[in-house]
Amino acid sequence: MKIVKNSQELTQLIENHKQAGDSIGFVPTMGALHEGHLSLVRLSVQDNKITVVSIFVNPTQFNDLKDFEQYPRTLNEDVQLLQNEQVDYVFAPDENDIYKDAEDRNFDLNSLDSMMEGKYRPGHFKGVVQIVSRLFKIIPADRAYFGQKDFQQLTIIKHLVSSYKSEFNIEIIAGTIIREADGLAMSSRNKHLTKDERLAAPTIYNALTYCKNNVENMSLSEMKQEVAKRINANPFLKLEYFEIVDNKSLNPISKIITGGCTGCIAVYAGKTRLIDNVSF
Ligand code: AMP
């Protein structure tokens, strides 16, 4: 496994592999790796000859400077974890390399960035698309792997790639949400939880699961009320939003369509913001 810091060097290495006919899989991350990230890495290793993992805490997708500053950075541990996974390249660039070209391109996201995460984290998806589009140019992979955990992000990246086909000739593969034994979705931010918050956090998954299990006998508004009640009843949690949205448009639905909609939630556990979702 080779650690590459320079984007030009990595592009050249990838071009060499492509010329040799090797398929390339790419897993973008912000590091502080956990089993969720590693599940995507394993999908890529299965599907491709070469796997590239990027580790870059992207400043432009943080709407809150404190969140950016406090985001866990554990490069040495991350490299160790990846060493056990048949990864070929770890791309760990610095900010100057990624943002040396100041061009601030506006991709048309068809308003998929206006609701939920986009509403509560203004500018977040503009930053996500900015970094992902730059990484896709540096690493012209055949496939890129994204987690269902960030459902809106996954939807936006799929939209980006299908609307800008000539620029991004890359297949987007989704990985299922990996959870702790008690149901909490794995997240780098879970490291920030206090003991009490960590104990409270599985309430999020329990509330989502309750809705999924009772989909036949609950209306949409009953689901929303039930989720709000369960979350806010816990003194360590505060609901930011719970929306049940159409998988393609991300607009709130008026009726559950099995296989076509997802319940998306954001909750504060103290100062830590957690997101999760359930597909119906
Ligand atoms: P991040 O480092 O948080 O930017 O995440 C990098 C990638 O890992 C994204 O595609 C996430 O959706 C994915 N990911 C994060 N947490 C999980 C999880 N618990 N299960 C599966 N994928 C995840």
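1. The largest share of the shell around the ligand comes from α2, which supplies three residues. Helices (H or I, at least four residues) and strands (E, at least two) are DSSP runs, numbered from the N terminus. β2 (24–29), α2 (35–47) and β5 (143–147) each give at least two residues to this shell. The model is predicted: local features need pLDDT of at least 70 and side-chain atom pairs count only at pLDDT 80 or more, while totals for chains, interfaces and linings use all residues. Residues are numbered from 1 along each chain as its sequence is written, and side-chain values use heavy atoms, with hydrogens and water left out.

2. The ligand is surrounded by 17 residues, a residue being near a molecule or strand if one of its heavy atoms lies within 4 Å of it. The closest are Met30, His37, Gly147, Asp150 and Met186. By class, the shell holds eight nonpolar, seven polar and two charged residues (Ala, Val, Leu, Ile, Met, Phe, Trp, Tyr, Cys and Pro count as nonpolar, Asp, Glu, Lys and Arg as charged, and the others, Gly among them, as polar).

3. A ligand oxygen lies 2.9 Å from a backbone N or O atom of methionine 30, and an oxygen of the ligand is 2.9 Å from a polar backbone atom of glycine 147. For isoleucine 178, a backbone N or O atom is 2.9 Å from a ligand nitrogen. The protein buries 92% of the 490 Å² that the ligand exposes when taken alone (Shrake-Rupley method, 1.4 Å probe; for residues, only the protein chains shown count as cover).

4. Six strands form an open sheet with parallel pairing, in the order β1-β4-β3-β2-β5-β6; two strands pair if DSSP finds at least two bridges between them. The edge strands, β1 (2–4) and β6 (171–175), each pair on one side only. Neighbouring strands here are turned by 25° against each other on average, direction ignored (axes are lines fitted to C-alpha atoms, for helices over the stretch in contact, and angles run from 0 to 180 degrees between N-to-C directions). β1 runs parallel to β4 (residues 89–91), with three bridges between them; valine 4 has phenylalanine 91 as its bridge partner in β4.

5. A three-stranded open sheet has the order β7-β8-β9 and antiparallel pairing. β7 (237–246) and β9 (272–279) are at the edges with a single partner strand each, so one side of each has no neighbour in the sheet. Nine bridges join β7 to β8 (residues 261–269), and phenylalanine 242 stands opposite isoleucine 265 in β8. Helix α10 (residues 202–213) packs on this sheet, touching β7, β8 and β9, and its direction makes about 20° with that of β9. Helix α11 (residues 220–232) touches β7 and β8, at about 160° to the direction of β7.

Methods. Polar contact = N/O pair within 3.5 Å; in protein donor to acceptor, adjacent residues only side chain to side chain. Contact = heavy atoms within 4.5 Å.
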